[in-house]
Amino acid sequence: MATDLLHSPLPKSATDLFGDPVEDSRPLWLNPSKFSDPEFDPESYISDLRTFVPFDTLRLELQTHLGTLKHELVELINRDYADFVSLSTKLVDVDSAVVRMRAPLLEIKEKILAFRGSVDSSLAVMQSRLKQRSQASGARELLELLLDTFHVVSKIEKLIKELPSVPSDWPSGPIKSSERDQLSNGISHADNGTNMRETQSMLLERIASEMNRLKFYVAHSKDMPFIDNLVKRIQTATLSLETSLRHCFIDGLEHRDANAIYNCLRAYAAIDHMGSAEEIFGSAIVAPFIHKVIPIDLSEAVSGSSGDDLEPDYEKIKRFVEDNCKFLLEISSAENSGLHMFRFLANSVLKEVLSALQKGKPGAFSPGRPKEFLKNYKSSLDFLEYLEGYCPSISAVSKFREEEVYVKFMKLWNTGVYYSLRFQEIAGALDSSLTAGTAVFPSQSSTQDNPQGLILKQSISLMDCLKSCWSEDILLLSCSDKFLRLFLQLLSRYSNWLSGGLSARKAGNSTAKSGYEWAISAAPEDLLYIIHDINCIVEEVCGDYLANITELLKTCPPDVLDLVKKSILQSGNCLKDLQPATVSSIMETLVEKSVEDLRQLKGITATYRMTNKPLPVRHSPYVHGILRPLKVFLEGERAKKYLKSDMREDLLKGASFEITQRYYELASDLVGMARRTESSLQKIRLGAQRRGGASSEVSDSNVSEIDKICMQLFLDIQEFGRNLGSLGVDARKIPAYQSLWHCVAPPDKQNTISF
């Protein structure tokens, strides 16, 4: 049996015995069909699988597949084994059968070889004939092309001969019948009302069409001796066509013959000479008028003279375009005219204007005179916008702006230099004002009148500079991003100036930088001007200026507008953040003035030291002077006018807390020093009494000096608390006052604060 020759089949798994039959349990990455591919490479196949399949798993799966194949082989042999064994018994007399079949097969082979040779020879002959035929066809096509080229050249020459040599030969009236007979090829069959100019333009269009055809023929028959012999005739015909077409086009423009102009433009388009038509229109029609308006003689165009003003010239040119160019622009831009490739606006009108300005008024482009430069620049933009009005569509406007002459015209306006000059002018004005080093706080009677109600001359200078950034006499919308940056830089410079001044004031005279003397010498009332001006500037910047800038930049995308608004509001907030620092500086000055009176409490020790004065019954005189600077400041006219209620409350509360804290520090030091001194003196007295044999009893009925000092301080802080109450501050709620009370109050009044 065949089963003895092969390994026995693998034992069945538990799934095969008890589970559902599975047709294909191989993993998805194992594809046995690839093994039979002629181009199968085991090494590359294994190297591809090793990246995501371990070798052990791959070996196990291949062994399983090998067992499956052996099992299938055994089944196939067992199924056809009987037929395989009986095959040898059925093969009888095979050799004699082979001999009988060999002779007919050899005969057939000889016939097939003979027929194949006959077919090959016939095929070679046929291919040779086809090649000859192809060569003959190519030669015929080339000959026809050369003949067509010759015929076209002859036809063009014949048509050119029918043209008058100069426009003066052209009659202006209707064509006579005898003249019509002289015209050939169907061109002469015009209506009786058709004039000679229109007929000639139609003939020129016909010639241009033939010339275009001739160019096609010449392009497809290069380096041919026959064509080389026709080059001179072709050049002569081309020159004659261009000359006649030029005369006809100029004559049509002068007489405003729409039909003649239309035919001439079609002729120029046919020979792809649109630039020639644009140049003729610019030099013959536009240039003479432009040179009258803008003389190109440099002696007449003196730089800096009033002649550099372009607005009157542009107005004259606009009227000229309306009167003398509009008809041609309408013809070339008419719908379905096929003449949209002409660029008369750019290459005829704007080109001549640009050339005349460069030669006749070069000073108009100079940014060294910013005022005149801005006026001329805006006039030029208005002129370009006027020309764009003749464009029939938005795409035509875009193409007009992409023209080389348009780009060159815009590059002549050096807006970068203009902005630099304006930057120096505006930023320099503010910087000069901020670094002047003079007094910035005017008296109330000398306050300058201004729309914003500003007081400091530096603030007024800032608002003037901010206004200049967006003034119509200064702003260039093409540089709006730069002017916005300058606007924000001015606000930042002003903020830094105020911040630096407040920092110098806080540091004192020893470390103050030059230029901040105003802050060191300023009185607290003067600093109120800063708070007032900051409020006015922030309100103006975040209000009217923000709305005005947003309106000017309304054509920008929404996300850009959002960034502009955020940057302006952020600058305003940064400036407003200086108000707390200003209030703090005012408070520090008032506290220092109050501390000067507080230092008088040191005299209390000298008053009761080594004296027999009784217990005090009233407060010290210095108490009324402690809060006097704060009270005078808050009741002053400037504070009432420029200090808002919330800032007033913050200032009052902060100053009261700070003065009370300093009061507590001085009083606690005084009491502590007095207690230590009293303790030392007591020890000295007791020692002296012991050495003298005197009685060591101390009169407890007498009040000690420390009690007198504490009582005096107690009476003083009571009066101080009443003074705070008159200002609207409850001393009981001040932690430092509570500590001060516990430090000096008698034992029976420690728990209750009362005035």
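Q750 touches W741, H742 and A745, not counting residues up to four places away in sequence, where contact means heavy atoms within 4.5 Å. The model is predicted: local features need pLDDT of at least 70, side-chain atom pairs count only at pLDDT 80 or more, and totals for chains, interfaces and linings use all residues. Residues are numbered from 1 along each chain as its sequence is written, and side-chain values use heavy atoms, with hydrogens and water left out.

- Q750 is placed in the segment after α29 (735–744); helices (H or I, at least four residues) and strands (E, at least two) are DSSP runs, numbered from the N terminus.
- With a relative accessibility of 19%, Q750 counts as buried; buried means under 20% relative accessible area, exposed over 50%, and partly exposed in between (1.4 Å probe, protein chains only).
- A polar atom of the Q750 side chain lies 3.1 Å from the backbone oxygen of H742.
- The backbone oxygen of A745 lies 2.7 Å from a polar atom of the Q750 side chain.

**Overall composition**

- The protein chain contains 29 helices and 0 strands.
- Of its 755 residues, 39% count as buried.
- Among contacts in the protein chain with a separation of 6 or more, 76% are between residues 24 or more positions apart.
- The accessible surface of the protein chain is about 43800 Å², of which carbon and sulfur atoms contribute 54%; such areas come from the Shrake-Rupley method with a 1.4 Å probe, and for residues only the protein chains shown count as cover.

**Nonpolar cores**

- The largest nonpolar core comprises 178 residues, and those with the most contacts inside it are F249, L265, F281, F487 and Y663; a nonpolar core is a set of buried Ala, Val, Leu, Ile, Met, Phe, Trp, Tyr and Cys residues joined through side-chain atoms within 4.5 Å.
- Helix α20 (residues 524–552) supplies the largest share of this core, 13 residues.
- Apart from this core lies another, of 5 residues, among them Y45, L49, V53 and L58.
- Leaving aside neighbours within four places in sequence, L265 is in contact with F249, A277, L328, I331, L339, F342 and F344.

**Helix α28**

- Helix α28 (residues 705–726) has 22 residues and spans 32 Å from its first C-alpha to its last, close to the 32 Å expected at 1.5 Å a residue; the expected span is 1.5 Å times one less than the number of residues.
- Because 17 of its 22 residues are buried, α28 is largely enclosed by the rest of the structure.
- G728, which follows α28, has a positive phi, near 95°.

- R256 is not a glycine, yet its phi is positive, at about 55°.
- R256 is found in the loop between α8 (225–255) and α9 (258–270), and at 44% relative accessibility it counts as partly exposed.
- D272, likewise not a glycine, has a positive phi of about 60°.
- D272 lies in the loop between α9 and α10 (274–293) and is exposed, with a relative accessible area of 56%.

**Cysteines**

- The count of disulfides comes to 0, a disulfide being a pair of cysteine sulfur atoms within 2.5 Å.
- C264 is in no disulfide, and the nearest cysteine sulfur, that of C248, is 3.4 Å away.
- C264 counts as buried at 0% relative accessibility, whereas C542 is partly exposed, with a relative accessible area of 23%.

Methods
Polar contact = N/O pair within 3.5 Å; in protein donor to acceptor, adjacent residues only side chain to side chain.
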